[in-house]
Amino acid sequence: MCVGVVFLFFRTKIVYQSRRDVEGDKRRYDEVWAELITQEASYRSLEHLSQLAKSVRQTKNIEQTVRGQDRVHDSLFEPDTHAFSPPFLLLRNQFSALWRVREEEEEAGRRIASLDQLYAQAALIEEPFRAKVVELARGSGGLFVLNSSGQVHDPHVTLVSMEEAEAQDAVKDVKFAKLKGVDRAIEKLSRSYNCNVYLLVDVVRQCIVFDSVDSLWACLQAIIEDPELEIIRIKNRLDFEYKAERSAGYRDVAMNVKLHTCESQRLGLTGHVCEIQLVLKEVMMLKTVVGHKRYVVFRNVRCE
């Protein structure tokens, strides 16, 4: 019992300290939010964004799965019924039902149980997913962070559109998100998901930044209407009802999606879940490497 009391004491102390460490970041994020909602135009745009986000149909079970390639359905279980006796037809119908169940299971996909398999999928789908994100940014005025920005000794964040990056021959400097680090993935699996690999749905992720709520809304609308994207889950942290204490004041619109292209279907990757983050410029300007590290500690001690 004494050991338990000591453990509880030190855990409470660590949680309290981590909360204190992010207080400054939370205060700055809250100031940006307060200014945003006091502007009438932005307030109305946030209302429209909230309505749009709530209109999205989401999936209850969000899982990483592996699917087979698209196939031509076998007509083996559709013979000429006039050529067989009734007992055979009864037996055929029973097996046909089992076959259809198996097909439905394969269509839904099998849960991924191996971290190696998950990262193999991620490596294959990373480039097509990035191309889709760039396409979305081009169509909605989205911006990207340059690779030289947001470093420990550089508090300034430089944002450019893909068109500007191409004109300046700076596409190579655009800071696209890399695959989630394996160490962080293992941490998250052990702390939050009971080591169930199929629940880790943000190994492949990208972020688009926007000058205004209207531009962010336009991008969300484009994602909803894109036939190659299937939204699995959406978290609107720009909703008025969102409790920002959970994310130390940070706000964005984050979505888990599946990519349905000819290439992803051919490779059996239509069951892989990726993440898109839509962030306002004012929020991104406050997001630094040091601040993110403080938030990671804050999140880790809460086992998130």
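**Close-up views of a predicted model**

**View 1. Helix α8 spans residues 213–225.** The 13 residues of α8 reach 18 Å from first C-alpha to last, close to the 18 Å expected at 1.5 Å a residue. The expected span is 1.5 Å times one less than the number of residues. Helices are DSSP runs of H or I with at least four residues, strands are runs of E with at least two, and both are numbered from the N terminus. In α8, V213, L216, C219, L220, Q221 and I223 are buried. Buried means under 20% relative accessible area, exposed over 50%, partly exposed in between (1.4 Å probe, protein chains only).

This is a predicted model: local features need pLDDT of at least 70, side-chain atom pairs count only at pLDDT 80 or more, and totals for chains, interfaces and linings use all residues. Residues are numbered from 1 along each chain as its sequence is written, and side-chain values use heavy atoms, with hydrogens and water left out.

**View 2. Four strands make an open, mixed sheet.** The strand order is β5-β8-β7-β6. At the edges lie β5 (205–210) and β6 (229–236), each pairing on one side only. Pairing requires at least two DSSP bridges between two strands. On average, neighbouring strands are turned by 25° against each other, direction ignored. Axes are lines fitted to C-alpha atoms, for helices over the stretch in contact; angles run from 0 to 180 degrees between N-to-C directions.

**View 3. β5 pairs with β8 (residues 273–280) in the parallel sense.** Six bridges link the two strands. V209 stands opposite V279 in β8. Helix α8 packs on the sheet, touching β5, β6, β7 and β8, and its direction makes about 160° with that of β8. Helix α5 lies across β5, β6, β7 (253–259) and β8, running at about 10° to β5.

**View 4. The largest nonpolar core holds 62 residues.** F144, I208, I223 and L278 touch the most other members. Helix α5 (residues 115–140) gives the most to this core, with 10 residues. A nonpolar core is a set of buried Ala, Val, Leu, Ile, Met, Phe, Trp, Tyr and Cys residues joined through side-chain atoms within 4.5 Å. Leaving aside neighbours within four places in sequence, I208 contacts (heavy atoms within 4.5 Å) residues including V133, F144, C219 and L278.

**View 5. E63 sits in the loop between α3 (40–54) and β1 (65–66).** E63 counts as buried because its relative accessibility is 17%. Its side chain makes a polar contact with the side chain of R111 (2.8 Å). A polar contact is a pair of N or O atoms within 3.5 Å; within protein, one must be able to donate a hydrogen and the other to accept it, and residues adjacent in sequence count only if both atoms are side-chain atoms. Not counting residues up to four places away in sequence, E63 touches R111, Y198, K258, G271 and V273.
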